[in-house]
Amino acid sequence: MSLLLQSADAGTPMWSALAPTILLGVTGLVLLGIDMLWPDETSNTVLAVTSAVGSLLAFGVTAWFLVAGTGQTRTGGEITLYGDALVVDGMSLFFTLIFTIVTAMVVVASYDYLREQRHRAEFYALVLFAATGMTLMATANSLATAFVSLELASIPSYALVAYLKEDKGSVEAGLKYFLIGAVSSAVFAFGISLVYATSGSMIFGDVASAVEGSEMVGVLGIGVLMIVGGFAFKTASVPFHFWAPEAYEGAPAPVSGFLSSASKAAGFAVAFRVFVEAFPLGAIPAGVDWVLAFQVLAVVTMTLGNFAAATQEKVKRMLAYSSIGHAGYALIGLAALSAGGPNGDVLGASMAHLLVYGFMNTGAFLFIALVEHWGVGRTFEDYNGLASAAPVAAVAMTVFMFSLAGLPPFGGFLSKYALFYSAIEAGFWWLAAVGAINSALSLFYYSRVVKAMWIEEPAGDFEIGSRPVGLYAAVLFAGVGTLLLLPGFGPVIETAQSVAAALF
């Protein structure tokens with residue numbers, strides 16, 4: 001009880017520090033309660049509005065905490081709970097912003113997508129429960145908490161991918177995702193057990209103290225390598241990326257956007273904290289070089305993801321492989337770390353890129369959901385001339401494509417520039433060079449979508465019909481957010497680098 005009554009900086013009660021997580025979880029429970037009490041009478045509007053209000057409230061509380069400086073003084077100012085198993089600080093709040101805003105966009109877009117579907121309450125609740133697990137991943141300060149929160153985020157995700165029960169592709173994608181996820185969870189858990197055997201603790205700070213000068217270097221090295229593999233799966237990094245194209249293609253398009261943006265960011269949130277705090281470069285034995293592992297992962301992931309995306313003929317599958325490439329960019333945050341270097345800058349730049357990516361990538365997948373709603377088709381050729389029938393939506397998609405490619409004057413340009421520049425300043429110019437080359441390659445396949453919509457002649461007349469309110473609103477919101485992040489990127493990168501520096 002004393003843990004709940006303690007206060008941290010600015011007198012913030014301990015329990016209230018988890019307000020965003022509590023809001024998301026309670027909203028999910030409320031949705032299930034509404035569906036149980038009025039199973040045949042609850043409208044899709046009530047469910048969508050409840051979900052959107054809950055996620056937006058969580059976003060607002062998180063933004064208020066972040067602006068107020070809650071938990072952002074690393075010298076004893078962070079808020080810890082439950083025997084240090086959870087910690088609320090600037091980094092956890094920054095990532096929670098990403099989760100909550102992506103969740104809000106997805107539930108608003110799902111209003112139209114689910115209009116003719118059954119089990120709508122379950123869909124919204126699963127999205128919110130997955131987001132709850134993601135926020136806990138960002139606040140995890142123990143290997144045990146990291147594992148449990150990862151499973152809390154993953155299990156609803158498996159069900160969401162297989163949500164379209166009458167679609168064989170969706171069910172098959174969900175099964176593959178579940179099987180690969182189960183294997184990766186087992187590998188992750190085994191890695192945790194090996195680290196625990198060498199340190200005698202699961203709290204990150206205690207692990208860091210115990211591994212310094214450890215004589216069980218071999219056991220520790222295998223454990224760390226297995227933990228790297230667990231995070232590589234969650235972030236869809238090579239060679240644990242095989243589930244991503246299948247899952248993203250088979251899942252409902254809003255779910256694909258949710259997984260490729262929020263879920264990916266959650267994997268990086270916990271990976272950043274685990275490796276910076278539990279295995280710090282100044283304490284980890286010389287034989288356990290996890291930075292080298294992430295350097296290899298970053299180069300291979302961004303290269304394979306971009307080359308594979310360039311060979312795709314379906315837009316949704318292209319975006320799936322493109323998201324793998326962006327995982328490689330974000331991995332630079334760990335790959336460019338060095339003992340005594342400007343690590344907060346490069347890690348913060350990676351966090352800022354994930355925030356911008358949350359807008360532009362989610363928006364791209366929601367545009368695909370809009371096109372699927374119209375029954376246009378899935379290939380690049382099916383998009384030919386689409387701008388003539390839906391010019392506003394096509395403008396938004398153009399913004400997403402050019403921003404993902406890193407072209408000015410869009411948010412993705414500044415986030416990539418900050419990331420590559422930080423890597424160069426840290427002495428890893430070759431990582432920045434590989435990233436820049438891959439980013440230039442990505443312009444080829446992103447521009448194919450723009451060319452098809454605006455330049456190519458349509459094969460026939462589009463029967464677009466009505467403009468779904470929820471999908472349109474979510475797509476336009478994501479587009480405006482991507483554009484506004486250009487003038488607003490200064491405060492974003494400053495905040496990200498400031499909270500990242502507090503970890504070191």
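## Close-up views of a predicted model

View 1. The structure as a whole holds 29 aromatic pairs.

**View 2. The aromatic pair of Tyr-248 and Phe-365.** A pair of aromatic rings is described by the distance of the centres and the angle of the planes. For Tyr-248 and Phe-365, the centres are 6.1 Å apart and the planes make 75 degrees. The pair is edge-to-face, because planes over 60 degrees apart are classed that way. Tyr-248 belongs to helix 10 (residues 243-250), while Phe-365 belongs to helix 15 (residues 343-374). The pair therefore ties together parts that lie 117 residues apart in sequence. Both Tyr-248 and Phe-365 are buried.

**View 3. A charge over a ring: Arg-448 and Phe-380.** The charged end of Arg-448 sits over the ring of Phe-380. Its distance from the ring centre is 3.9 Å.

**View 4. The salt bridge of Lys-176 and Glu-172 in helix 7.** The two side chains meet with an N to O distance of 3.0 Å. Lys-176 and Glu-172 are four residues apart in helix 7, about one turn of the helix. An α-helix has 3.6 residues a turn, so residues three or four places apart point the same way. Lys-176 counts as partly exposed at 32% relative accessibility. Glu-172 is also partly exposed, at 44%.

**View 5. The salt bridge of Arg-273 and Glu-277 in helix 11.** Here the side chains meet at 3.9 Å, N to O. Helix 11 covers residues 253-278. Arg-273 and Glu-277 are four residues apart in this helix, so about one helical turn separates them. Are these two residues buried or exposed? Both Arg-273 and Glu-277 are buried.

View 6. Arg-378 is partly exposed, with 35% relative accessibility. Glu-372 is partly exposed too, with a relative accessible area of 22%.

**View 7. Val-187 beside Met-226.** Val-187 is part of helix 7, which runs over residues 168-199. Val-187 and Met-226 are 39 residues apart along the chain. Their C-alpha atoms are separated by 5.9 Å. At a relative accessible area of 31%, Val-187 is partly exposed.

**View 8. A nonpolar surface patch.** Leu-292, Val-296, Val-300 and Leu-304 make a patch of about 300 Å². Leu-304 has its place in helix 12 (residues 290-310). Leu-304 counts as partly exposed, because its relative accessibility of 33% falls between the 20% and 50% limits.

**View 9. Helix 18 and the residue Gly-427.** Helix 18 has 15 residues, 411-425. Which residues of helix 18 are buried? They are Gly-411, Gly-412, Ser-415, Lys-416, Ala-418, Leu-419, Phe-420, Ser-422 and Ala-423. Just after helix 18, Gly-427 takes a positive phi of about 95 degrees.

Notes:
Residues numbered from 1 in each chain as written. Predicted model: local features only at pLDDT ≥ 70, side-chain atom pairs only at ≥ 80, totals over all residues. Heavy atoms only, no water. Helix = DSSP H or I, 4+ residues; strand = E, 2+ residues; numbered from the N terminus. Expected span 1.5 Å × (residues − 1). Buried < 20%, exposed > 50% of the residue type's maximum accessible area, 1.4 Å probe, protein only. Patch = residues over 30% accessible without salt bridge, like charges linked within 9 Å, V, L, I, M, F, W, Y side chains within 5 Å. Areas by Shrake-Rupley, 256 points an atom, 1.4 Å probe, with all protein chains shown as cover. Salt bridge = Lys/Arg side-chain N within 4 Å of Asp/Glu carboxyl O. Phe/Tyr/Trp six-rings, centres within 6.5 Å; stacked < 30°, edge-to-face > 60°. Lys NZ or Arg CZ within 6 Å of the ring centre and 35° of its normal.
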